[in-house]
Amino acid sequence: GGSSTNRCAQTYRGESPASEPETQAIVNYCKQIFPEGQRKQDPIAEKEKAYAEDTMGVFFDMHAYGEILIWPWSHENDRTANDEGFKALANKYKYFNGYAYAGPQEESFLYEASGTTADWAYGVLGAAGMSFELGTSFYQQCDYFEDSILEKNKNALTYAAKISRAPYSLPKGPDIIDATLTIAKDYSLTISVSASDSSNTANTHSMAEQDVTEIRAFIDDHPYDLLEDGQSPTGIVLMEKASDGDSATVTATKTIDILNLPEGKHVVYLVAKDSLNYSGPVTAYAFEKSAEVASDNSSKCEDSIASNPACSVGGICDCETLVNLPGSTGCGGVYASPMGMGEIIIDDLCPLYCGDCPESNNINNDGNDDTVYSELGETCEGFDEVNGKPFPSCRPEMKCEPTTESSIPGADKTCVMDDGETQQESSEEVGNSNTDGGE
């Protein structure tokens with residue numbers, strides 16, 4: 001159904017399959033692109049047979065208009081044998097562009113249309129054929145296209161590129177939703193990442209409810225590539241855990257030694273797996289290893305928890321909260337989240353709060369000291385809960401000791417003289433130091 005033999009009809013289907021030169025050009029091009037080995041020998045006879053989940057390729061038929069998603073079959077209102085994979089894929093597309101479902105047996109299914117290229121690409125080549133009905137009318141202004149149509153669909157098309165290796169499988173797996181890379185002065189790379197099986201989905205879907213059980217990182221080797229020995233790279237396990245029914249979204253942090261990596265630009269490929277053993281799409285992040293980067297990082301020893309997925313996903317945005325949470329073993333230890341966020345190494349995110357910053361970050365040895373210190377009798381170390389930042393450390397000739405005199409939240413230590421120096425002696429030294437530095 002859905003076509004006519006009448007040459008004057010709008011739905012005239014041609015004299016025979018692929019009878020027109022434009023159609024032949026598309027057919028021949030697609031046959032060169034999609035692997036021949038994944039095709040069915042007799043597509044009509046094997047119509048009810050599902051393609052393997054590792055079948056490759058996506059195909060788009062862009063139309064106007066309606067803001068809907070259409071997937072096979074279109075020549076009849078019937079689902080394919082790969083409908084679960086199509087629905088998982090459409091669920092992701094809808095998350096990005098907000099279009100309505102109009103696939104087979106959906107409420108918004110329009111009408112039967114035989115001979116569509118999306119049906120042909122799926123039935124003959126195995127590719128995940130999909131039609132996007134773009135926009136709200138046949139002819140739209142350029143600014144509307146750029147501001148609305150393009151904005152709604154570019155992320156959906158980017159996602160399609162990421163899952164094109166296995167479009168019936170990868171949309172069922174978890175997505176990498178956030179990651180930060182930090183290089184320390186000792187050439188260690190800290191990767192903080194969050195992954196979710198349920199975040200980037202438009203609706204409740206049976207394949208978007210599983211626990212994330214593993215996150216792996218691959219440095220410079222894409223997980224789909226083969227190494228010189230012909231084997232696939234195994235990567236580095238950032239997080240691995242058993243399913244507990246409450247880990248659809250998780251966060252993990254791990255520090256990796258990159259001392260032996262050459263200077264220059266590098267890529268970290270991240271991929272997560274769920275409790276049904278479905279891997280999600282690969283997401284890449286770049287970093288650069290250089291002497292300048294190491295020098296910059298070594299002079300900026302800062303707490304990074306506010307920019308970590310622990311904050312954006314778990315709501316843990318300051319070190320004082322992290323250290324005092326149930327399940328936290330404090331500075332020098334870890335925080336084991338009961339909410340599936342994985343294990344967080346506290347000192348990696350809170351080196352300043354935990355006192356792990358090297359002395360060179362606090363004292364300028366050339367005499368021109370721009371570091372902010374707490375003076376004698378002032379509050380030191382700990383976390384300023386009023387202003388939302390750590391208290392400064394004492395000057396080098398002083399030490400930070402507990403006090404019971406302060407009523408300010410978090411202000412439980414003050415600067416006192418070290419090694420028995422008097423306040424007058426210390427004040428004179430401080431004054432002389434400032435004078436010398438000014439000269």
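Tutor: Welcome! This is a predicted model, where local features need pLDDT of at least 70, side-chain atom pairs count only at pLDDT 80 or more, and totals for chains, interfaces and linings use all residues. Residues are numbered from 1 along each chain as its sequence is written, and side-chain values use heavy atoms, leaving out hydrogens and water.

Student: What makes the pair Lys172 and Glu53 a salt bridge?

Tutor: A salt bridge needs a side-chain nitrogen of Lys or Arg within 4 Å of a carboxyl oxygen of Asp or Glu. The N to O distance for Lys172 and Glu53 is 2.5 Å, so the pair meets that definition. The two residues are 119 residues apart in the chain.

Student: Why is Lys172 called buried?

Tutor: Buried means under 20% relative accessible area, exposed over 50%, and partly exposed in between (1.4 Å probe, protein chains only). Lys172 has 2%, so it is buried.

Student: What makes a group of residues a nonpolar core?

Tutor: The residues must be buried Ala, Val, Leu, Ile, Met, Phe, Trp, Tyr or Cys, joined through side-chain atoms within 4.5 Å. The largest such core here has 24 residues, and Leu69, Tyr93 and Met130 have the most contacts inside it.

Terms used: Helices (H or I, at least four residues) and strands (E, at least two) are DSSP runs, numbered from the N terminus.
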